[in-house]
Amino acid sequence: MSKTLFAPGHTACAGCGQSMAARLVLDAAGPNTIIVNNTGCLEVFSTKYPESCWEVPFIHSLFENAAAVASGVESAVKYLGKADTINVIAQGGDGGTADIGLQALSGMLERGHNILYVCYDNEAYMNTGVQRSGLTPFDTNTTTSPVGAVSIGNLRPKKPMPEIANAHGIPYVAVASSGFGQDLQRKVKKALSLKGPKYIQVHVPCPLGWRHETNMTIQVAKAAVETGLYPLIEYENGVLSSRRQIAPKPVEEYLKLQGRFKHLLNKPEEIKKIQEIADNNIKKYGLKAEAQQA
Amino acid sequence: MKELLEGSMAVAEVVRLCKPAVISAYPITPQTHIVEELARIVADGRMNAQFVNVESEHSAASVVLGAVATGVRAYTATSSQGLFYMSEVLYNIAGMRLPVIMTTAARSISAPINIWNDHQDVVSLRDSGWIQFHAEDIQEAVDLHLIAYRLGEDKSIMLPVMVCMDGFILTHGLETVDMPSPEQVDKFLPPYKAPYKLDVENPLTLGPLVDPEYYTEARYALNKTHEEALALIPKLAAEFAKVFGRTYNGLMEGYQLKDAEKVIVAMGSVCGTIKEVIDELRAKGKKVGLLKITSLRPFPANAIYDALKNTPKLAVIDRALSLGSFAPLSAEVKAVFFGKPKKPKNISSFVVGMGGRDITKDSIKEIFRLMNGKDKQAEFIDLKPELLKESYD
């Protein structure tokens, strides 16, 4: 067995934030874990027959049903009397979670299954070639929200998935980032220590779709957090219990690293709108570090 | 023990005796009585099972997929639109070789919306990889569930099985049923031992990405297994008779075939009506018979050939359509005889009983009568031409 439960040798792109995050999640969860995966990049690059990265039991069924398949796995585990010793983790990308898989996820959360759901958010359908999803940010250039003579990119801000999950009255919701690995692993361990449905959303840069250098994955992920565009928060029993405080940087510091936002850099009025999204986050979640608030 | 039971109650009871660990379903008419009864049984502690109330049929099928993949027995039931909503998952379950067992209360499909019985839902799923059985009556519906678990979970098969029973006619009808005892069921159906499962002691990857180097063989093997099921079903039928003291006909059942000059081929509850008509016509000296197909998948082509090769006139009843082409069961029955040395002189195709329109004895007699002329193609019986005159002009 390799040092990690997510073996190297997979076929993810260089600099893939999702492969990094998936390894951190699984290693935090440990060997007594069953993984249920939606269709998407992660399943494709880690399970090409006859090879597999997964040194724990793993099942992939369809694009939108990991939460429901996991509900069946968890019910069987409960029937077998192993509910206290086995973790069940369902996971998928942003499209498989917030769009096509939202119904199955909502059912899983509402029914109270003892499952951790992890959404790897790379903010578009990367596996099919960078199409816009419900978690694609405002003004992003994707292949189905292209910039054109009468378009500035994606029309709508991100769907508030952490709040949607939290509205189900579940014990734990967290937002994490592949730029903050220890924080991610702490959140996974905390989630697995609690009974009931849990939701963690992890920001995972995609060099191909975001068009940044493959050695910049961590910096890009960190910049999203440090500008206030991707707040790292935790809800426990519905109450905001932690947020990673920052000395907010202007959003250009994040946008300029990525080709998907290149079209905005000479459009101050659009940058202003994106800065407002960050400012609202900073205010809403109290992200500004104490020293900065004076 | 013989009891007067509603079809849904009888099915719920036989499912209880089969001891699934996980039951998951979403309500749709006319499947509801079955899952309501199972929910009551679980709520009363008469059965140790996890009952998972889901938000859709897609998730019901996904829950039982996950449960069987974890190594336990599972059960679901649906109908019509629910079956269609499940269909993506159903193909996936078969491809993943997971023996999920499901009851389908066969019902028409929308539009127009209609909750009554025909076979358009289930017949549309014939290519999904599921074994598909059709029950003639409530007794057969009960018996087919026992066969379904035993067959699907056989290590040489490992396929899901769908037991189709005509909506309302069988799900809500009452019949005297010979219910098996728990001891008989335990004898016939041992606990499920999964040859592969999600197990932290022995981690496996299920549902991998398979490229052109391997995909063909996976689908070939699935098809081959259906052939193996064809051979196994009659053996299980023989064993069934020994354990339960009652005959179950396996792939198909012939009724008054021996010297029959006119034979109807059909599936499901209409076969009961056809048998009555045959008895009446036989009393008048008419040489008529029935071939009831119980197993639509695997399709018993060779057995059908042997049973009907000397029959002069054949009529196939479809309660489904393949819109724009031949009626589905008729096309398959005709294919049985293509290129064979013997075949019926005539094979006609009739469509009857759509969306719950009653199939009366007169409907069946009309079919026997129409078999005298030249071959009919998807000829609708009991059609009301006056309703076809309305237009938007």
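User: Let's start with two helices of chain B. Which residues of α1(B) and α6(B) meet?

Analyst: Happy to walk through that. From α1(B), the residues are B:Gly7, B:Ala10, B:Val11, B:Val14, B:Val15 and B:Cys18. On the α6(B) side they meet B:Ile138, B:Ala141, B:Val142, B:His145, B:Leu146 and B:Tyr149. By class, this contact has 10 nonpolar residues, 2 polar ones and no charged ones. Keep in mind that you are looking at a predicted model.

User: How do I read the geometry of such a pair, and at what angle do the axes of α1 and α6 of chain B cross?

Analyst: The general idea is that two packed helices are described by the angle between their axes and the distance between the axes. Here, α1 (residues 7–18) and α6 (residues 138–152) of chain B have axes that cross at roughly 25° and come within 9 Å. Angles under 35 degrees count as roughly parallel, so α1(B) is roughly parallel to α6(B). The crossing of this pair is right-handed.

User: Now strands. How many bridges pair β9 and β10 of chain A?

Analyst: As background, in a regular strand the side chains alternate between the two faces of the sheet. In chain A, β9 (residues 233–236) and β10 (residues 239–243) are antiparallel and share 4 bridges. One example to find on screen is A:Ile233, whose bridge partner in β10(A) is A:Arg243. The hairpin has 2 residues between the strands, and A:Asn237 takes a positive phi near 50°.

User: Where does a strand of chain A pair with chain B?

Analyst: Look at β2 of chain A, residues 58–60, which runs parallel to β9(B) and is joined to β9(B) by 2 bridges. There, A:Phe58 has B:Thr205 as its bridge partner.

User: And how many residues are in contact across the two chains?

Analyst: On the chain B side there are 36 residues, in contact with 37 residues of chain A. Elements of chain B that each supply at least two residues to its side are β2 (22–25), β3 (50–53), α3 (57–69), α4 (80–95) and β9 (205–206). The largest share, 9 residues, comes from α3(B). Sorted by class, the chain B side holds 20 nonpolar, 12 polar and 4 charged residues.

How values were computed
Residues are numbered from 1 along each chain as its sequence is written. Chains are lettered from A and ligands numbered from 1 in the order in which they are written. This is a predicted model: local features need pLDDT of at least 70, side-chain atom pairs count only at pLDDT 80 or more; totals for chains, interfaces and linings use all residues. Two residues are in contact if their C-beta atoms, placed from the backbone, lie within 7 Å. Ala, Val, Leu, Ile, Met, Phe, Trp, Tyr, Cys and Pro count as nonpolar, Asp, Glu, Lys and Arg as charged, and the others, Gly among them, as polar. Two strands pair if DSSP finds at least two bridges between them. Axes are lines fitted to C-alpha atoms, for helices over the stretch in contact, and angles run from 0 to 180 degrees between N-to-C directions. Angles under 35 degrees count as roughly parallel, over 145 as roughly antiparallel, 65 to 115 as roughly perpendicular and the rest as oblique. A crossing is left-handed if the near helix is turned anticlockwise from the far one by less than a right angle, and right-handed if clockwise.
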